[in-house]
Amino acid sequence: MLHDLSKAPVGPASHLIDGLSQAASDGGTMDVISPLNGTRLTTMARGTVEDAEAAIAAARAAFDDGRWSGLAPAARKKILLKWADLIEAKAQELAVLGVRDNGTEIAMALKAEPLSAAGTIRYFAEAIDKIYGEIAPTAPGTLGLVHKEPVGVVGAIVPWNFPLMIGAWKLGPALAAGCTVVLKPAETASLTLLEIAKLALDAGLPPGVLNVVTGEGAVVGATIAESNAVDALVFTGSGATGRRLLEASARSNFKRVYLELGGKSPNVVFADAPDLDEAAKVSAYGIFRNSGQVCVAGSRLLVERSIHDAFVEKLKQVAETMVVGDPLNPETSAGAINSEAQLEQNLRFVAEARAAGRQIVTGGERILQETGGYYMAPTIVAGVSPEDAIAQEEVFGPVLAVIPFDSEDEAVAIANGTDFGLAAAVWTADLSRAHRMVRRIKAGVVHVNTYGGADVTVPLGGVKQSGNGHDKSLHAFDKFFDLKTAWIKL
Ligand code: ADP
């Protein structure tokens, strides 16, 4: 089954605008290159400004005529639950297509992509008919009602690492709340989002409620960001793009902008960690799964000096036993790097560290070049200074920077010493220290004696330059509701 799907031809992909598959207005296409072997998988529409404007107009009309927001929440719920079922029924097919498009290892893609997306959509669908407005405690003689109204047209701009999972984090609550959406997938991971958008139509989502425009961020994404007809932007991606979105909002209609901008997450291992073997194994997976192309990846390892050398040796052993290669092989523990450009960027960070005299404990190289695909060995760089680029910037590859520390205060200072604040972890058997560290580390999530666990019930969002707003959990709805007060004299 897996084998058949992995060889199946993939037809050219078009936009989905107003319920119809549409080519680019000028007929333009772009190649979809598979990172597994560097060859062309298919082509997709290269969106124009006109295409993005047509999608925005469709979403605006669909919102304004109430074809979706005017439905009872229970009716929206029914359609979204059906959509989740259709995604789940095609999970295998979607996972394989996604892997061929973006390179994530299949075992992770199955769980983290279609199945996670279906679960997220279900969570928000189930919630929407259980959310109430408020009656304010005003003085006698007046009635203050607080209504929650859908914010309107949402522009969702998403990245390539987990398109379905992250896409669903935006689409689930936005659509459940009654908003309409223009979705811009990443250039190198658009195919599965287009597929699930078509499934939404099959589930009964009215045309125009969810529109997908593929192509370049600087054209399609920028048009969405500049539009006066878009009421809110939800984004996951780089800080550079996040800044452009805020500027575009300021230049246009002050649309609300919610950004998830990645991290440089510290994973802090104290000498009294309950199980150093487990800590090494989980920490390795915390950076090397999906080849480090994970926004919450534990990319900085802070190790108490007394166990530094022994711990780095354990990590090295785990890294060297990981199976890197064909992501369609279920045994693979880390698949391909998404694109050649991303691979080159990863290698540049390592070259710079090497030139500065840092120790490459393992990896540091492109591997499996004969496949034509983009693969990199899990890489551990030790002796890193907290100020090095490799310890300050988000590499977004399988590259771990190791920094020793001597005290809790020093660990906190290093942990908080970047512009980011997305995720973190602390390994210690000392309960008080664990809670102290959770309070002292500036991050949206701090794991204790583990790395990377999560589900849809807990919010994900960053502080500092990792962004604002939250995906997942009921808090995610805040982005998609406006509050309206009705003040009534009795
Ligand atoms: P990454 O480094 O994760 O690729 P990007 O910020 O470049 O991060 O890309 C994330 C998403 O933002 C993609 O869908 C991309 O097409 C889109 N994007 C890139 N540049 C712009 C831009 N100038 N305006 C709007 N969207 C953009």
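The side chains of D406 and R305 meet in a salt bridge, with 3.0 Å from N to O. A salt bridge here is a side-chain nitrogen of Lys or Arg within 4 Å of a carboxyl oxygen of Asp or Glu. The pair joins distant parts of the chain, 101 residues apart: D406 is in the loop between β18 (399-405) and α14 (408-415), and R305 is in the loop between β13 (300-304) and α11 (308-321). Helices (H or I, at least four residues) and strands (E, at least two) are DSSP runs, numbered from the N terminus.

The model is predicted, and local features need pLDDT of at least 70, side-chain atom pairs count only at pLDDT 80 or more, while totals for chains, interfaces and linings use all residues. Residues are numbered from 1 along each chain as its sequence is written, and side-chain values use heavy atoms, with hydrogens and water left out.

How exposed are the two partners of this bridge? D406 is partly exposed, with a relative accessible area of 46%, and R305 is partly exposed, with 45%. Buried means under 20% relative accessible area, exposed over 50%, and partly exposed in between (1.4 Å probe, protein chains only).

Side chains of opposite charge can pair when their charged atoms come close. A search of the whole structure finds 29 salt bridges. One of them joins D482 and R256, whose closest N and O atoms are 3.0 Å apart. This pair also links distant parts of the chain, with D482 in strand β21 (residues 481-489) and R256 in strand β11 (residues 256-260), 226 residues apart. D482 counts as partly exposed at 24% relative accessibility, and R256 is partly exposed with a relative accessible area of 35%.

Another salt bridge is formed by R433 and D272, with 3.4 Å between the closest N and O atoms. R433 lies in helix α15 (residues 431-440) and D272 in the loop between β12 (266-269) and α10 (276-288), so the pair ties together parts that are 161 residues apart in sequence. R433 counts as buried, at 16% relative accessibility, whereas D272 is partly exposed, with a relative accessible area of 28%. R433 and D272 also belong to a network of salt bridges that links them with E408, D409, R436 and R440.

On a 1 Å grid over the protein atoms alone, a cavity is a set of points where a 1.4 Å probe fits but cannot get out, and a pocket is an open set with protein on both sides within 12 Å along at least five of seven lines; lining residues have an atom within 4 Å of a point. Grid points are joined across faces, edges and corners, and a volume is the space filled by probe spheres set on the points.

The second largest pocket holds about 870 Å³ of space. Its lining has 30 residues, and the closest to its centre are M108, M165, R289, G452 and A454. Two or more lining residues come from each of α5 (106-128), α6 (163-176), α10 and β20 (445-448). The largest share, 6 residues, comes from α5. The lining of this pocket divides into 17 nonpolar, 8 polar and 5 charged residues. Ala, Val, Leu, Ile, Met, Phe, Trp, Tyr, Cys and Pro count as nonpolar, Asp, Glu, Lys and Arg as charged, and the others, Gly among them, as polar. At least three lining residues of the second largest pocket are drawn from each of domain 1 (2-261 + 467-489) and domain 2 (266-455), with bounds that come from an automatic or database domain assignment.

How many cavities of 30 Å³ or more does the structure have? The search finds 4 of them. The largest cavity contains about 80 Å³ of space. Of the 13 residues that line the largest cavity, G292, A297, S299, E394 and F396 are the closest to its centre. This lining divides into 7 nonpolar, 4 polar and 2 charged residues.

Helix α4 (residues 91-102) has 12 residues and reaches 16 Å from its first C-alpha to its last, close to the 16 Å expected at 1.5 Å a residue. The expected span is 1.5 Å times one less than the number of residues in the helix. α4 is mostly covered, with 10 of its 12 residues buried. The buried residues include A91, L94 and R100. G103 follows α4 and has a positive phi, near 95°.
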